[in-house]
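Let's take a walk through this one together. Have a look at the picture first, and then we'll go through it piece by piece.

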Amino acid sequence: MADPEGAMACCEATERGLSLRLGGRFQGALPADLGDRLAGLDRDELKQVLRRSATAASVDEAITIPVGTEIGR
């Protein structure tokens, strides 16, 4: 059976895809350093940001790395 959420995450788990998604979700209110903040993240970490963006109140909340994780080492 197809996994639409997995397919969406696969297609958007790139810096560019995630930037486009966040721009649409948060009406273009993206921080100027978004590219730099996403650049150090691997594909799995980008997927986590994508998942958080679905319920986050702001773009900063979506891209802020939770304390106590190894994301963006």
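Is D60 buried, exposed or partly exposed? D60 has a relative accessible area of 38%, so it counts as partly exposed (buried is under 20%, exposed over 50%, partly exposed in between, with a 1.4 Å probe and protein chains only).

Before going on, some ground rules: this is a predicted model, where local features need pLDDT of at least 70, side-chain atom pairs count only at pLDDT 80 or more, and totals for chains, interfaces and linings use all residues. Residues are numbered from 1 along each chain as its sequence is written, and side-chain values use heavy atoms, leaving out hydrogens and water.

Back to D60, whose side chain meets that of R37 in a salt bridge, 3.2 Å from N to O. That pair ties together distant parts of the chain, 23 residues apart: R37 sits in helix α3 (residues 34–39) and D60 in helix α5 (residues 59–63). A salt bridge here is a side-chain nitrogen of Lys or Arg within 4 Å of a carboxyl oxygen of Asp or Glu, while helices are DSSP runs of H or I, at least four residues, numbered from the N terminus.

R37 also forms a salt bridge with D33, and there the closest N and O atoms are 3.9 Å apart. Shared partners join D33, R37 and D60 into one network. R37 is partly exposed at 32% relative accessibility, and D33 is partly exposed too, at 35%. The structure holds two salt bridges.

Now for helix α2, residues 15–25, where G17, L18, L22 and G23 are buried. Just after α2, Q27 takes a positive phi of about 55°.

Technical notes. Helix = DSSP H or I, 4+ residues; strand = E, 2+ residues; numbered from the N terminus.
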